[in-house]
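Below is a brief report on how two chains meet and how each is organised. Look at the structure first, then read on.

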Amino acid sequence: MSERVGVYICHCGSNIAGVVDVEEVSRWAATLPDVTVSRDYKFMCASLGQEMIEKDIHELGLTRVVVGACSPHLHEATFRNACKRAGLNPFLFEMVSLREQVSWVTADKKIATQKAKALVAAGVRRVVHHQPLEPIVVDIDPNVLIVGGGIAGIQAALEIADSGHHVYLVEREPSIGGHMAQFDKTFPTLDCSACILTPKMFSVGQHPNITLLTWSEVEKVDGFIGNFTVQIRKRARKVDTELCTGCMVCQEKCPKKVVDTVFEVGMAKRKAIYTPFPQAVPKYPVIDVQNCTYYLKGTCKACEKFCPTGAIDFDQQDEILKVRVGNVILATGYDLFDPRRIPEYGYGRLPNVITSMEFERMTNVSGPTAGKVILKDGSTQPETVAIVHCVGSRDKNYNNYCSSICCMQSLKFAHLVKEKTGAKVYNFYIDMRTPAKSYDEFYQRMLAEGTVFVRGRVADVTEVTRTPDEEGKLVVQLYDTLEGRQRRIPVDMVILSAGLEPRRDAAELGKIFGVACSSDGWLIERHPKLDPVATMTDGIFIAGCAQGPKDIPASVAQGAAAAARVMGLIGRERVSLEPIRATVNAETCSGCRICNNLCPFNAITFLEDTGVSDINQALCQGCGTCVAACPAGAISGTHFSNEQIMAQIEGLLAVDFQAMEGQPV
Amino acid sequence: MTEPGNFEPIIVGFTCNWCSYRAADGAGMARIKYAPNVRLIRLMCSGRMDPVFVLKALSEGADGVLVTGCHPGDCHYVEQNIKAMRRFDLLKKTLAEFGIEDGRVKLIWASAAEGILLAEEIDRMVAEVKALGPLNWKEIAWAPEELVPAQP
């Protein structure tokens with residue numbers, strides 16, 4: 001073995017150097033077999049650090065490079081590029097994680113230094129077995145799949161479609177629009193939600209580059225970046241969209257009324273054939289077969305009788321579509337926290353305790369009360385209204401996180417209640433969080449409008465009264481943390497600002513697309529700060545509330561950001577993949593076929609003519625399961641070969657646990 | 001040899017690139033301090049875990065081996081962690097024949113979000129192996145690499 005290895009130990013400021021004796025590790029690494037040079041530097045990822053490596057490759061003729069720094073998931077690409085610039089094959093590089101795996105997780109400095117040495121030794125031993133590799137280049141299919149037709153998905157779809165590429169937009173409800181279509185006004189500008197959303201929905205519906213698949217769900221995804229095959233179930237609308245003109249006579253004539261638990265959140269009824277709201281895109285209705293009289297009893301067909309174009313098709317079946325796309329954006333949004341889970345707030349039991357979404361519908365002119373803020377008796381205006389913040393958020397019993405939109409939403413509610421009823425409004429908050437542009441100004445405005453802010457988490461809402469002025473009222477009980485006392489505040493209506501939660505089927509969605517969920521259930525981004533719309537799976541992006549709670553501007557920004565990332569990939573036309581693949585050595589393969597059934601990507605086939613197995617490099621994803629299974633050792637795993645891993649094991653175990661200063665292995 | 005009483009085991013940990021390696025990154029980012037006895041190797045998938053790697057680690061002086069992967073159903077490669085699990089069960093039977101105690105070789109699932117869980121599992125395993133004492137397999141003449149034919 002005559003490799004010339006360069007070892008570089010990064011201080012990462014004090015992140016590594018504060019715990020690991022980096023000079024000592026560097027000095028010690030210089031004594032390891034095959035090591036030509038070993039250095040330490042304050043920031044290896046800085047241009048000076050990278051230039052140091054490039055210079056050594058040129059001047060010292062290094063044939064292998066090891067950098068001990070942060071996780072390879074952060075800077076492996078950086079140093080591979082540095083090697084490449086200096087003319088060294090980038091795969092002749094190995095990264096050792098001294099920050100995430102040593103300095104950040106170890107308290108004892110001596111033991112940390114010792115562990116760092118073990119990891120560096122393993123890296124050096126591994127790297128001498130590295131082989132020069134070339135990335136696998138694949139074409140990018142320019143078509144894009146977007147899942148979720150809320151504002152984030154709409155924005156992403158329009159950006160991509162406007163750039164001239166085709167988008168399949170899949171939405172499981174009968175119309176796009178998402179939660180934004182349900183809102184009345186948007187904070188802090190108080191412009192009408194529908195007025196700014198509807199034009200965008202209309203553009204999606206009309207766009208020649210968008211195939212809109214509503215009432216549809218993705219069932220299966222195969223493939224990899226640039227080359228996904230997606231199976232979509234287009235549920236039967238029971239309406240022929242070629243014939244339907246969207247006149248809505250069917251909806252008018254349908255005799256069956258059903259409580260609308262989706263769009264009107266249980267506050268109003270819709271028909272069994274319906275569009276969720278008048279501005280729905282597409283304009284075609286769907287028949288709710290669970291509630292339609294014809295499907296339940298076999299008679300009725302009122303819609304069919306009155307349809308002027310004969311568009312009703314009771315026999316229509318679900319369609320299974322297969323589309324090929326190069327990239328995917330998941331913009332599946334959120335579910336609202338169900339306040340029934342906090343029984344002390346009385347939601348579902350006390351009629352005038354309502355959720356934030358119910359208030360949105362109530363205050364919306366096209367909603368169930370035609371925009372009138374009234375109590376459940378259907379006529380009385382409230383004189384006092386309580387708005388409770390952080391319902392299901394910032395609460396270890398439910399969700400630890402801040403739902404981010406509730407403070408601003410509650411301020412908006414305070415304004416709307418005051419404007420419409422002149423009622424006295426209380427906001428019960430833990431902390432006010434109004435950090436975005438023009439948000440705090442809105443808060444100041446609400447203070448000036450005379451909304452009462454009471455600091456403290458509401459303990460309970462009750463109709464059990466103690467004093468005559470509480471008679472017939474709802475009493476909000478809490479400990480006021482500013483006044484330092486228990487308070488009972490009688491009100492007529494309580495609005496619970498419910499938090500945002502991950503979609504209840506977010507985990508299943510994640511499984512279909514190979515994207516993980518955080519412990520809270522939100523889809524995980526590639527990097528929380530530097531790569532918020534990409535995921536660990538190349539070609540799959542996320543946008544909007546699917547990634548975490550956020551407001552409309554942030555959702556729009558993420559939708560556009562994800563679209564830009566996708567367009568960047570389409571523009572490149574092809575992408576380089578890590579050449580981590582398995583290959584069969586036909587000389588040593590005995591043709592036992594043990595590997596044949598192990599591959600979930602069907603990459604392994606048995607060649608009848610030669611009697612050996614063969615791996616299709618385009619289908620292989622590089623997991624290495626077949627490599628480990630081959631009894632003849634005939635399958636090798638590129639960049640994760642037996643030699644590399646065995647050498648790494650030896651290196652890890654070449655350094656004792658206790659500190660032995662200055663002793664080479 | 002290490003004195004009894006202050007024995008500090010060395011454990012080799014195999015991680016999956018997509019879940020448990022990222023969980024280890026996450027534990028780092030959250031600055032969770034856990035036992036420094038575990039040294040990790042990154043594989044692309046727990047399915048790459050050749051049982052010979054475990055034997056190799058034990059024969060090179062490891063007192064225990066930790067194998068980690070994505071939760072069943074969450075495998076980045078569809079279902080290869082299930083194959084790892086099946087293989088692991090067979091390995092455990094073989095190791096028991098060799099007299100290797102149950103607590104020395106472990107398989108745990110840790111998603112990319114479960115840095116805290118991974119750190120806790122590592123602490124628990126280190127305590128368990130500490131209680132079992134050193135394995136001292138390195139002294140036994142044993143060369144498992146002979147089991148794996150060299151590759152070009």
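## Interface and chain layout

In this predicted model, 47 residues of chain A are in contact with 48 residues of chain B. Two residues are in contact if their C-beta atoms, placed from the backbone, lie within 7 Å. Several elements of chain A, among them α5 (109–127) and β34 (635–637), each supply at least two residues of the side that touches chain B. The largest share, eight residues, comes from α17(A). By class, that side of chain A has 23 nonpolar, 18 polar and six charged residues. Ala, Val, Leu, Ile, Met, Phe, Trp, Tyr, Cys and Pro count as nonpolar, Asp, Glu, Lys and Arg as charged, and the others, Gly among them, as polar.

| Domain of chain A | Residues |
|---|---|
| domain 1 | 5–135 + 645–652 |
| domain 2 | 147–235 + 320–333 + 506–576 |
| domain 3 | 237–317 |
| domain 4 | 336–501 |
| domain 5 | 582–638 |

Taken over C-alpha atoms, the centres of domain 3 and domain 5 of chain A are separated by 54 Å.

Chain B has four helices and four strands, in the order β-α-β-α-β-α-β-α along the sequence. Helices (H or I, at least four residues) and strands (E, at least two) are DSSP runs, numbered from the N terminus. Of the 152 residues in chain B, 56% are buried, with 20 or more other C-beta atoms within 10 Å of their own.

Residues are numbered from 1 along each chain as its sequence is written, and chains are lettered from A and ligands numbered from 1 in the order in which they are written. The model is predicted: local features need pLDDT of at least 70, side-chain atom pairs count only at pLDDT 80 or more, and totals for chains, interfaces and linings use all residues.

Definitions and conventions
A residue is buried if 20 or more other C-beta atoms lie within 10 Å of its own, exposed if 12 or fewer, and partly exposed in between; C-beta atoms are placed from the backbone. Domain bounds come from an automatic or database domain assignment.
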